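Morning, everyone. I have one model to show you today. Have a look, and then I'll talk you through a few details.

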Amino acid sequence: IESGVADHADLHDANGNSRVVYSQSFVPGNTSAVDQYGHGTHVAGLVGGTGVSSGTGNGYTDKYAGMAPNVNIINLRVLDQNGSGTDAQVIAAIQQAIALKNTYNIRVISMSLGRPVFESYTLDPVDQAVEAAWQAGIVVVVAAGNNGRDNSMGTHGWATIGVPANDPAVITVGATRTKNTATRVDDAIASYSSRGPTLVNHVA
């Protein structure tokens with residue numbers, strides 16, 4: 001659930017067929033689910049890229065594959081060409097994922113999007129939508145956000161987790177600073193990565 005997915009060789013199977021098996025746009029006035037912002041395709045590659053476009057034969061020092069390079073992708077576009085969307089669009093896409101769960105064996109929803117916390121996760125409509133997906137048996141993975149440097153509230157970047165990453169039913173993912181090494185032993189949390197505890201509910 002993102003800005004869409006553009007066609008890319010890394011998202012094809014061994015026969016050259018796209019592994020994006022279903023696409024739908026929830027962007028008003030735009031029926032195309034093709035990514036016009038770039039972020040959705042980037043995230044799809046992190047999740048399901050085969051790495052066929054990288055490697056030494058293509059000018060790279062290594063092959064860069066996603067975490068699940070054989071996965072099928074359900075493309076539910078909610079963000080426009082500027083990376084903007086509404087709660088209603090996101091909620092509609094989550095509801096569609098739940099409706100399509102058995103048809104496409106949907107097991108994970110990835111959402112690299114969010115907005116500020118305005119109320120308890122027990123009342124927030126987007127949080128309630130992700131909880132409905134969790135209750136339907138879908139793991140929901142959400143970006144923490146990129147507001148870790150925000151000190152506008154005097155919190156030094158703490159309590160900057162967005163919605164729906166603030167819901168305890170989801171897996172909230174922060175950003176990593178790799179220090180330009182392949183090993184993970186020296187990795188740290190990126191300074192811009194949003195951090196808890198969450199506003200209102202103070203979930204760690």
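Predicted model: local features only at pLDDT ≥ 70, side-chain atom pairs only at ≥ 80, totals over all residues.

Start with strand β4. Its covered face carries V140 and V142, and its uncovered face carries V139, V141 and A143.

Now the neighbours. On one side, β4, residues 139–143, runs parallel to β3, and four bridges join the two. Strand β3 covers residues 108–111. Its covered face has I109 and M111, and V108 and S110 sit on the uncovered one. Which residues face each other across the pair? V108 has V139 as its bridge partner in β4. M111 stands opposite V142.

How does the chain get from β3 to β4? It passes through helix α3, residues 125–135, and this β-α-β crossover is right-handed.

β4 has another partner. It pairs with β5, residues 171–173, again in the parallel sense, over three bridges. Here V141 has I171 as its bridge partner.

Next, the surface. V108, V139, I171 and V173 make a nonpolar patch of about 310 Å². Take V139, which lies in β4.

Now to the charges. Side chains of opposite charge can pair when their charged atoms come close. How many salt bridges does a search of the whole structure find? Two.

One is between the side chains of D87 and R115, at 2.9 Å, N to O. That pair links distant parts of the chain. D87 is in helix α2, residues 87–104, whereas R115 is in the loop between β3 and α3, 28 residues apart.

The side chains of R115 and D124 also meet in a salt bridge, at 2.8 Å, N to O. Shared partners join D87, R115 and D124 into one network.

How covered are these three? D87 is partly exposed, at 28% relative accessible area. R115 is at 17%, so it is buried. D124 is buried too, with a relative accessible area of 1%.

To recap. β4 pairs with β3 and with β5, both in parallel. V139 is part of the nonpolar patch. And R115 is joined with D87 and D124 in one salt-bridge network. Thanks, that's it from me.

Note on methods:
Residues numbered from 1 in each chain as written. Heavy atoms only, no water. Buried < 20%, exposed > 50% of the residue type's maximum accessible area, 1.4 Å probe, protein only. Pairing = 2+ DSSP bridges. Right-handed = clockwise from strand over helix to strand, strands pointing away. Patch = residues over 30% accessible without salt bridge, like charges linked within 9 Å, V, L, I, M, F, W, Y side chains within 5 Å. Areas by Shrake-Rupley, 256 points an atom, 1.4 Å probe, with all protein chains shown as cover. Salt bridge = Lys/Arg side-chain N within 4 Å of Asp/Glu carboxyl O.
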